Amino acid sequence: MFRYLSPKEGLVEAGYLIRTDRRVEPSLDGQSLAAAKGGTLRIDATEAEPGETTELTVSDTPQDSPVPSASASAACPDSGAVDVVLPEVSAGDSVTDTVAKLTAACLQVQYAAEESDGSEGAVTKVEIPTTGSAGTVQLPRPDESAPGPGDKVEASVDKAATVFVATPAQTPSPSDTDTDSATDLSPTPTDPASPTDDTTAPATTTVYGRASAPVRSDPSTAGVQVSSIAAEGEYRALCFQHGEEVSAHGSVSDIWVKLLRRNGETGWVTATALSGEPETLVPTAC
């Protein structure tokens, strides 16, 4: 899973599935990596400078098991355009079956997550870039006038088709109507809604987001996500605590900061996602 900032689209998360019966050895910018639980690699390049390149290399090690055959035909061109007869794709389809249809049509495939009420892990839609006036074709087609199954389009071999995979939508708790965004976090002192004259309000320190990151129920990545912060956002911090060590956003720290939320509840964010030195962000220990 790649996470990066696009000048046109903002924050982008793109996923790629590698199928092999061999053991893979990934490296990032020449440094060896250990695959995370479940064989998943998450690369956060949101802190990269403009023009800076982040390179992920995945090499395999031969095993005793047979090498799987290629998904696409050997007759597929390496670049340029190819005529594609659009396959039947419906929301809820198997990702494996959908990818098989696309690769059989000589298309490269990339993945993206999309919140959906449908079955988790199933297809929600497919977008296929074309070289003609149709632009990007979507399946299932959004309306009867758009290209659909059985229609022929000229697709770009150099651009990957995107398979959107369903992820569960965040379910608000009874006392929290916006748990999946930064708007439920308590306003900073610069917000006129902030209770600046309330002597009973807890003492807080203003902190600033370095990058987008989840706010969790506990000072650990295992904690349930209850909200999130955004880059350059301002938030009210109550105190800090040592917890799980996190390597992200260009730094490593076991410090977690407790944030005050609008609904009166609190949540924890890793100090690596906040601007400044983790050890000096908040003066008070929890």
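Trainee: In which sense do strand β14 (residues 213-216) and β15 pair?

Mentor: Strands are DSSP runs of E with at least two residues, helices are runs of H or I with at least four, and both are numbered from the N terminus; two strands pair if DSSP finds at least two bridges between them. Here β14 and β15 are antiparallel, with four bridges. Within this pair, alanine 213 has isoleucine 229 of β15 as its bridge partner. The model is a predicted one, in which local features need pLDDT of at least 70 and side-chain atom pairs count only at pLDDT 80 or more, while totals for chains, interfaces and linings use all residues. Residues are numbered from 1 along each chain as its sequence is written, and side-chain values use heavy atoms, with hydrogens and water left out.

Trainee: How many of the residues of strand β15 (residues 225-229) are buried?

Mentor: Buried means under 20% relative accessible area, exposed over 50%, and partly exposed in between, with a 1.4 Å probe and protein chains only. In β15 four of the five residues are buried, so the strand is largely enclosed by the rest of the structure. Arginine 261, in the loop between β17 (251-260) and β18, is also buried, because its relative accessible area is 3%. A polar atom of the arginine 261 side chain lies 3.4 Å from the backbone oxygen of valine 226. Over the whole protein, 35% of the 286 residues count as buried.

Trainee: Which residues have the most contacts inside the largest nonpolar core?

Mentor: A nonpolar core is a set of buried Ala, Val, Leu, Ile, Met, Phe, Trp, Tyr and Cys residues joined through side-chain atoms within 4.5 Å. The largest has 24 residues, and Val84, Leu102, Tyr111, Val126, Ile128 and Val163 have the most contacts inside it. Elements that each supply at least two of its residues include α1 (95-104), β9 (123-129) and β12. Another core, of 17 residues, lies apart from this one and has Val207, Ala237, Val257 and Leu274 among its members.

Trainee: What is threonine 162 in contact with, leaving aside its neighbours within four places in sequence?

Mentor: Contact means heavy atoms within 4.5 Å. Threonine 162, in strand β12 (residues 161-168), is in contact with Gln110, Tyr111, Ala112, Lys125, Val126 and Glu127. Its C-alpha atom is 5.2 Å from that of glutamate 127, 35 residues away along the chain. A polar contact (N or O atoms within 3.5 Å, one able to donate a hydrogen and the other to accept it; residues adjacent in sequence count only if both atoms are side-chain atoms) of 2.9 Å joins the side chains of threonine 162 and glutamine 110. Threonine 162 counts as buried because its relative accessibility is 11%.

Trainee: Where does pLDDT stay under 50?

Mentor: The pLDDT is the predictor's confidence in each residue, from 0 to 100. Where pLDDT is low, the predicted coordinates should not be read in detail. Values stay under 50 over residues 170-182 and over residues 187-199. The protein averages 74, and 65% of the residues score at least 70.
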